[in-house]
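Subject: Structure handover

Hello,

Here is the structure I promised to pass on. Please open it alongside this email.

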There are 2 protein chains.
Amino acid sequence: MKLQVAIDRVSLEDAIEMAHRLDGLVDVIELGTSIVKDYGLEALKKADFKLEKSQLLIDLKTIDEGEYEFNKGYETSADILTVMGASSLGTLHTTYEIAQKAEKNIFIDLMEIDDQKVNDMTNMSNAIFGLHHSKDATEAFDAVDTIQAFHDNHPEIKKIAVAGGVDLEQARKIARQGIADTVIVGSKIAGASDPISTAKKFMEAIQ
Amino acid sequence: MKLQVAIDRVSLEDAIEMAHRLDGLVDVIELGTSIVKDYGLEALKKADFKLEKSQLLIDLKTIDEGEYEFNKGYETSADILTVMGASSLGTLHTTYEIAQKAEKNIFIDLMEIDDQKVNDMTNMSNAIFGLHHSKDATEAFDAVDTIQAFHDNHPEIKKIAVAGGVDLEQARKIARQGIADTVIVGSKIAGASDPISTAKKFMEAIQ
């Protein structure tokens, strides 16, 4: 299983520094939506986010204007861009095709969508499907149960990622469960007093 | 009825210039999502978007992290920020409360959501509810019929805005219909060879 670490709500300089410190230590480094909406893709294009070993995901959260946003997004160093499952099927198909042509990855954020909509997307077989608990949601979130239920309903979906307050113990359980392709951790690593040693602990936990 | 003009996919300098040229000529000037995602809220805070007469709407398209995005968004000159109806109810309530406390407006983008979800939002009575045809959707969109059907289903919603390829003739029909509070026009004004005279024609058409 892969570990993705999200960097959020910091200055662009701090995001760059954190990305390079984590490069090679974790599998995927995410620039969260706050980084996109605070500084913009033009700044992300110019900034040095070229990573040696880790993949770079930019959490664009495209929900319309798929062609414009994905073309712009892939002009950065991003290997993976995100689109909302709540978009129209037109947006989903457009972004998927752009990702395929660019030989890049696409991550579909499943926040707040129902099973019927997921069924309409299962033909996008190379996409990463992200189970995502809204940061603003008040209900509890059991990642292991959520993954199992999703996998039972959609066994044809190969790449599942999961995000939403995952701690070390949950990461370990998700790895043991053996279904998810990627677990996403945010402030519990990027906001830790020692992000490097914390990232290493998470990597060990999911082996 | 009000006229809102969306500025999209131009440089920040051109967006600033266009906003000031349209200030006072139209009711609401929108900085589209492309301006946010290309240049970021930090740049929009520093740029001179202080308008004399028109209101400024920033099409943030918040879909999570409502508190962070709306607090940041209102640090700009924005009078109105947008949230996706497809967000969790947690995000919708958080952004609505921040807007109310800041004595600013909130625009809920209804793209790709069903009637049941709209019913969950009707208590946000000061919000502007935006009927929005996805730019990536392939089906035709009849604004007048869409407004009528929405009004029949949700007569308690007072402020309706409508967007999606509206031309001069459609704007006239929407005004005559007398339901919508705001009609939104994008490239047909901001991308016209003479945006000022085109904006004036739209304003006359909706009187």
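Below is what was found, from the single chain to the contact between the chains.

Please keep in mind that this is a predicted model.

**Chain A on its own**

Chain A has nine helices and eight strands. Its radius of gyration is 16 Å. The globule rule gives 17 Å for 207 residues, so chain A is as compact as a globular protein of that length. The C-alpha trace of chain A spans about 40 × 40 × 30 Å along its principal axes.

**Helix packing inside chain A**

Look at α7(A), residues 168-177, and α9(A), residues 195-205. These two helices pack at an angle of about 30°. Their axes are 8 Å apart. An angle under 35 degrees counts as roughly parallel, and that makes α7(A) roughly parallel to α9(A). The crossing of α7(A) past α9(A) is right-handed.

Which residues meet here? From α7(A) come A:Leu168, A:Ala171, A:Arg172 and A:Ala175. From α9(A) come A:Lys201, A:Phe202 and A:Ala205. By class, this contact has five nonpolar, no polar and two charged residues.

**Helix packing inside chain B**

In chain B, turn to α1(B), residues 12-22, and α9(B), residues 195-205. The angle between them is about 45°, and their axes lie 10 Å apart. That makes α1(B) oblique to α9(B). The crossing of α1(B) past α9(B) is right-handed.

On the α1(B) side, the residues are B:Met18, B:Arg21 and B:Leu22. They meet B:Pro195, B:Ile196 and B:Ala199 in α9(B). The contact of α1(B) with α9(B) divides into five nonpolar, no polar and one charged.

**How the two chains are related**

A rotation of 180° superposes chain B on chain A. The shift along the axis is 0.0 Å, and the RMSD is 0.0 Å. That is the relation of a two-fold axis. Which C-alpha of chain B is nearest the axis? It is that of B:Gly40, 2.0 Å from the axis.

**Where the chains touch**

Why do the copies meet through the same surface? Because 100% of the interface residues of chain B are also interface residues in chain A.

**The α2 pair**

α2(A), residues 33-46, and α2(B) pack at an angle of about 130°. Their axes are 4 Å apart. That makes α2(A) oblique to α2(B). The crossing of α2(A) past α2(B) is left-handed.

The contact is made by these residues:

- From α2(A): A:Val36, A:Lys37, A:Asp38, A:Tyr39, A:Gly40, A:Leu41, A:Glu42 and A:Ala43.
- From α2(B): B:Val36, B:Lys37, B:Asp38, B:Tyr39, B:Gly40, B:Leu41, B:Glu42 and B:Ala43.

By class, the contact of α2(A) with α2(B) has eight nonpolar, two polar and six charged residues.

**Where to look when you open it**

After that, go to α7(A) and α9(A), with axes 8 Å apart. Finish with α1(B) and α9(B), with axes 10 Å apart.

Best wishes

Terms used. Residues numbered from 1 in each chain as written. Chains lettered and ligands numbered in written order. Predicted model: local features only at pLDDT ≥ 70, side-chain atom pairs only at ≥ 80, totals over all residues. Axes fitted to C-alpha atoms, helices over the stretch in contact; angles between N-to-C directions. Parallel < 35°, antiparallel > 145°, perpendicular 65-115°, else oblique. Left-handed = near helix turned anticlockwise from the far one by under 90°. Contact = placed C-beta atoms within 7 Å. Nonpolar A, V, L, I, M, F, W, Y, C, P; charged D, E, K, R; others polar. Least-squares fit on C-alpha atoms with pLDDT ≥ 70 in both. Rg over C-alpha atoms; globule rule 2.2 N^0.38 Å.
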